[in-house]
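What follows is a guided walk through one protein model, to be read with the sequence and the 3D view side by side. Please keep both open while reading.

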Amino acid sequence: MYSAGGLEDLRPYGARSVNRWSSYNELCRIPGTKSSIASLMHSRDSVSSGRSRPVPDRYAGVGQPRGRALVILGPIVALIAAAAALGVAAIGQDGYRAETLIAATIVAFVALFLAVILLYRQVRRRQATGRALQNIEARVTDIVESAMDPVIAVDQDQRVVLFNAAAEKAFLWPRAAVLGEPLDKLMPERFREGHRAHIARFGEAGMTSRRMGSQMVLMALRADGVEFPIEASISQHTEDGNKLFTVILRDITERVRAESLLARNEARLRGILDSAMDAIITIDETQHIVLFNAAAEAMFGCPREEAIGAPLAWFIPERFRAAHASHVRGFGETGTASRRMGTLRIVIGLRRSGEEFPIDASISQVTDRGSKFFTVILRDVTARVRAEEALSRSREELRELGATAHQAREQENSRIARELHDELAQSLTALQMDVAWCKERLPDEQKALAKKLERMETLLDTTVTATRRMAADLRPLMLDDLGLLPAVEWLVDNFTERTGVPCELAVSTSDLKLHNAHATAVFRIIQESLANIAKHARASRAEVAIEDNGSEVTISVRDDGLGFSPHDPRKPNSFGLAGLRERAYLLGGEAAIISAPGRGTNIEVRLPVAPMPFSQ
Ligand SMILES: Nc1ncnc2c1ncn2[C@@H]1O[C@H](COP(=O)(O)OP(=O)(O)O)[C@@H](O)[C@H]1O
Ligand SMILES: [Mg+2]
């Protein structure tokens, strides 16, 4: 229990400089102050041991000077007793009285001298010890004052007797407003009862110190009414029969905020991971799973609880496991942050049901506190692979269909051309000869008949020419009869003849032997390109080049005409260039149409060719 005056006395204790203290003794008069400091010196360390270290001996001596006093006073008392005895003897003595008196006086002086010296030394020693204590107390006070953590001491009635600078800052109370007040002032209403009981129990337990609120977050109350979370340790000691408790606490607002932020972030990340359409799996360096999202659960048919901690190999078909493990290790060594897996081949996954399925995967790595983690993002591409297969199958079918259609058309053209040439043209020629025969035998007076026959002859001539041209346009028989090169030569000559535009033909080989389908394609491509030049280019010259390197034949038809934009949408009913492209595609080749307005046109087609067997 303290009087108001006693609490006022505590104030200098908080001062930083020792000079501002009233005196050491004054400090010592305040119950518990000295012990509070001593207990503060080790309350933190002793949390685990639960026991305080004793205060060093040299300070313990200050409080018990009885033994030393006995040593000092003994000889002096003896000397005074001796002087008194001599004095008494001198009074009762007749002879040597003066000598005895002198001796008693000398002994008394010696005793006095000794007493003065000893007293002086005693005072000096006390002063030195006092100073040493003052120094150590000042140091401890400095430590308490400059401590980052709030330090609060309360007495048995849980009234505050110590409140350091950090506490002032944390609670926003000035020291004077708190000292002597109940500790309740510093905590929210709802905790007061529990805390009171807690401290009382701690006092009864007889433990020196312990951590508070290890199970839950403690809350403290600031002057402005705001609550904040704290972490605290408490120690106790007894001073003159009174229990004193010292609490060191820490404002953990920031930590709690960071922790809840972390928890929120983790929850958000979890949410993102689980809402991802792709399976996301993280493995550690030993290729064991540490993260497995909802999509992965669905994809592999395995609950997260089973997957976490399992080897990744669970989800890879046996025959790929070794290669995959070394692939991941190799990736770890490259230090590349991320990359797509299996760009050249499809990665295969294994469901818990034993079913295998194709996967598209990318892998990334991070190093977290010295350990490497790999994250794989997986997509089940079964549907895509199936669609791709179906697409390429239908493309193949289309290609075959197209090729067959072309072939059928060429055959039909060829048949009609032959019919025209062999049947119609021959018959017409025979008719021409018959008309000529009739003309020869016609009597001279039959003028009208002769005129009729002449008109018939002319008509037959143009019909034969037209028939020949039609047959050649359908399919020049020389393509089948003489081969590709003479047919191309005929095309080029025919072009110049019809348009008057000079055209150069450059062939890299004298002996161009191609399969029938290829020969037809080359012929048709050149035919269409020259027809376009005649129709659209208004060129001054043209050039046809054929190059055969054994594995690929390249056809190039260029002109120096108007040119056009090949990327413009196709004109309706313009199928020439489209057909040209299709022909190239059907034979596994490609066509490039290089043109720009005012810069001429170059049609370049590449066709892969299989070497021709000798028999063909
Ligand atoms: N050599 C060329 N010079 C200029 N324009 C061309 C040439 N070849 C093609 N074109 C342009 O490309 C268009 C498409 O050609 P094409 O597919 O053969 O159809 P069509 O010849 O029936 O018009 C032509 O209408 C023309 O405008
Ligand atoms: Mg055309």
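Predicted model: local features only at pLDDT ≥ 70, side-chain atom pairs only at ≥ 80, totals over all residues.

Residues are numbered from 1 along each chain as its sequence is written, and chains are lettered from A and ligands numbered from 1 in the order in which they are written.

Gln158 sits in the loop that links β1 (151–155) with β2 (160–163), where helices (H or I, at least four residues) and strands (E, at least two) are DSSP runs numbered from the N terminus. Although Gln158 is not a glycine, its phi is positive, at about 60°. Gln287, too, is a residue other than glycine with a positive phi, near 60°, and Gln287 belongs to the loop between β7 and β8. Having 17 C-beta neighbours inside 10 Å, Gln287 counts as partly exposed.

Strand β7 (residues 279–283) pairs with strand β8 (residues 289–292) in the antiparallel sense over 3 bridges, pairing being assigned if DSSP finds at least two bridges between two strands. Within this pair, Thr282 has Leu291 of β8 as its bridge partner, and the two strands form a hairpin with 5 residues between them. β7 also runs antiparallel to strand β12 (residues 371–380), to which 5 bridges join it, and here Ile283 stands opposite Phe374 in β12. Strand β11 (residues 356–368) is in turn joined to β12 by 10 bridges, again in the antiparallel sense, with Gln365 opposite Phe374. β11 and β12 form a hairpin with 2 residues between them, and Arg369 in that turn has a positive phi of about 45°.

Leu312, in the loop between α12 (304–307) and α13 (318–334), counts as buried because it has 21 C-beta neighbours inside 10 Å. When residues up to four places away in sequence are left out, Leu312 touches Ile283, Gln287 and Ile289, contact meaning that the C-beta atoms of two residues, placed from the backbone, lie within 7 Å. Leu312 and Ile289 are 23 residues apart in sequence, yet their C-alpha atoms are 6.1 Å apart in space.

Helix α17 (residues 484–499) packs with helix α18 (residues 516–537) at an angle of about 10°, their axes being 10 Å apart; axes are lines fitted to C-alpha atoms, for helices over the stretch in contact, and angles run from 0 to 180 degrees between N-to-C directions. That angle makes α17 roughly parallel to α18, the description used for angles under 35 degrees, whereas those over 145 count as roughly antiparallel, 65 to 115 as roughly perpendicular and the rest as oblique. Among the residues of α17 that take part are Leu484, Val488 and Phe495, and those of α18 include Val522, Phe523 and Ile526.

Which residues touch the most other members of the largest nonpolar core? Of its 34 residues, they are Leu484, Val488, Val522, Phe523, Ile526 and Ile555, a nonpolar core being a set of buried Ala, Val, Leu, Ile, Met, Phe, Trp, Tyr and Cys residues joined through C-beta atoms within 7 Å. α18 gives the most to this core, with 9 residues. Val488 touches Leu505, Phe523 and Ile526, not counting residues up to four places away in sequence. A second, separate core has 28 residues, including Val144, Leu179, Leu183 and Leu218.

Terms used:
Buried ≥ 20, exposed ≤ 12 C-beta atoms within 10 Å, placed from the backbone.
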